[in-house]
Amino acid sequence: MCRSLEHLPITCLERAKELKARFGRFLLKQELNIMGHSQKTDKLTFHELLAHKEGLCAFTTFLASEYSEENIAFYLACEDYRNTKSSSKLCAKARKIYEEFIASDAPREVNLDHEIRNITLKNMKQPTLSCFNLAQSKIYTLMEKDCYPRFLKSTVYQ
């Protein structure tokens with residue numbers, strides 16, 4: 001939330017989040033209908049969900065309700081990193097992503113096995129645009145196979 005809203009009572013903030021999520025779901029369903037998707041006949045793919053601003057917002061809201069929003073935050077941070085144009089910013093951005101999401105006891109640590117953590121740490125010695133690809137791919141697969149099916153059954157999506 002915006003820092004300027006911190007003084008509001010928590011119930012107001014929660015209600016605002018709920019309304020934002022409902023509005024986002026409505027816009028997503030309308031947009032998908034325009035694109036030719038019918039909720040009854042076509043299943044929205046995970047890739048399509050992430051490609052739509054409203055879908056991404058609804059999925060993020062769902063992950064927050066499950067206390068796992070770090071997964072989508074990591075995925076989006078990697079996408080932003082991959083689109084970095086300035087090579088001078090790569091090292092600092094890579095270090096920030098690693099320290100926030102991958103390092104042991106990171107504040108928003110994602111669920112990666114030891115081998116992937118080591119490969120990513122090794123890639124950090126000479127950061128390239130692809131140094132997080134393996135870790136990002138694992139988190140994408142985790143969200144697609146685990147979180148996304150639950151999202152489709154959730155009240156946030158329904």
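1. Is Tyr67 buried or exposed? Tyr67 is exposed, at a relative accessible area of 73% (buried is under 20%, exposed over 50%, partly exposed in between; 1.4 Å probe, protein chains only). Tyr67 sits in the loop between helix H3 (53-65) and H4. Its phi is positive, about 60 degrees, although Tyr67 is not a glycine. Most residues other than glycine have a negative phi.

2. The model is predicted: local features need pLDDT of at least 70, side-chain atom pairs count only at pLDDT 80 or more, and totals for chains, interfaces and linings use all residues. Residues are numbered from 1 along each chain as its sequence is written, and side-chain values use heavy atoms, without hydrogens and water.

3. Asp105 also calls for a look. Asp105 has a positive phi of about 65 degrees and is not a glycine. The loop between helix H5 (87-102) and helix H6 (114-123) holds Asp105. Asp105 is exposed, at 74% relative accessibility.

4. Next, a helix pair. The axes of H4 (residues 70-82) and H7 (residues 133-153) come within 10 Å and cross at roughly 140 degrees. Axes are lines fitted to C-alpha atoms, for helices over the stretch in contact, and angles run from 0 to 180 degrees between N-to-C directions. Helices are DSSP runs (H or I, at least four residues), numbered from the N terminus.

5. Contact means heavy atoms within 4.5 Å. Residues of H4 including Phe74, Tyr75 and Cys78 meet residues of H7, among them Ile139, Tyr140 and Met143.

6. On cysteines: the structure has zero disulfides (cysteine sulfur pairs within 2.5 Å). Cys57 is partly exposed at 22%; Cys147 is buried at 3%.

Technical notes:
Helix = DSSP H or I, 4+ residues; strand = E, 2+ residues; numbered from the N terminus.
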